[in-house]
Amino acid sequence: MSSVQLSGAGVGAVAFNNNNNNLRLSQTSALKVGSSRRMSQSLVVKAATVVTPKYTSLKPLGDRVLVKLGVAEEKTMGGILLPSSAQSKPQGGEIVAVGGGRTIGDKKVEVSIPTGSQVVYSKYAGTEVEFNNAKHLIMKEDDIIGILESDDVKDMKPLSNRVLIKVAEASDKTDGGLILTETTKEKPSIGTVVAVGPGALDEEGNRQPLSVSAGSTVLYSKYAGGEFKGVDGTNFIVLKSSDVIAELS
């Protein structure tokens, strides 16, 4: 089975499974606590708001969307059963409802993401609710990173002012000829633009096209964006256009 892996600092990789339309855990994640004092304190978990069965409809307001979450896998790729505390929250799901949009200036702007879309969203976005015995997130449209309908991140359609970049391969050797391991390779900050979003909205509600285009080789901020791995192992990153600092030629 092919998958798209998403990784971030302190978080295990997760994968988008196109067969059951969810983003699922593929590696064990670890929670690091900075001091023994913190470890001695109890861990407070914020539970989702449960919507009772008497309510049969949940309609987001404004520019918010309702995302039905994928389910974190209970086992690693090696078959190790994970406790619930080690299962990473999914960062993808299906848009099941959208708000009526927002007004910017004198213009009414509708939510641009249609229901039924499979999306990837920002890690800490939204408010978690349990509705119809399933976990959902209510979040702003701007918290959606992109639409991903296939099982390969190269097909992602970035939204708003975001850019999908294929990361240049890190060098395997130092200038002196020493072979570098994966952990010692310097993280590259150069890549090729694969796709760009339609642009952010200005004060009048109009889309402002991005200054970079697909095919451009760019330099971007080193610690910006979210990292992805394609089905063939290729590294990608999605970041805001403001994090692209130069075009190379």
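**Close-up views of a predicted chain**

View 1. Where pLDDT is low, the predicted coordinates should not be read in detail. Across the chain the average pLDDT is 77, and 66% of the residues score at least 70. This is a predicted model, in which local features need pLDDT of at least 70 and side-chain atom pairs count only at pLDDT 80 or more, while totals for chains, interfaces and linings use all residues. Residues are numbered from 1 along each chain as its sequence is written, and side-chain values use heavy atoms, with hydrogens and water left out.

**View 2. The largest nonpolar core.** A nonpolar core is a set of buried Ala, Val, Leu, Ile, Met, Phe, Trp, Tyr and Cys residues joined through side-chain atoms within 4.5 Å; buried means under 20% relative accessible area, exposed over 50%, and partly exposed in between (1.4 Å probe, protein chains only). The largest such core has 15 residues, and Val65, Val67, Ile95, Met139 and Ile144 have the most contacts inside it. Two or more residues each come from strand 5 (64-69), strand 6 (92-98), strand 9 (118-121), strand 11 and strand 12 (144-147). Strands (E, at least two residues) and helices (H or I, at least four) are DSSP runs numbered from the N terminus. Strand 5 gives the largest share of this core, three residues.

**View 3. The surroundings of Val65.** Leaving aside neighbours within four places in sequence, Val65 contacts Pro60, Ile95, Ala97, Val98, Val111, Leu137, Ile138, Met139 and Ile144. Another core lies apart from the largest one; it has 12 residues, including Val193, Val212, Ile237 and Leu239.

**View 4. Two loop residues with positive phi.** Most residues other than glycine have a negative phi. Asn132, in the loop between strand 10 (127-131) and strand 11 (134-140), has a positive phi near 55°. Asn132 is exposed, at a relative accessible area of 55%. Ser160 also has a positive phi, near 55°, and sits in the loop between strand 13 (157-158) and strand 14 (162-167). Ser160 is buried, with a relative accessible area of 12%.

Key. pLDDT is the predictor's confidence in each residue, from 0 to 100. Contact means heavy atoms within 4.5 Å.
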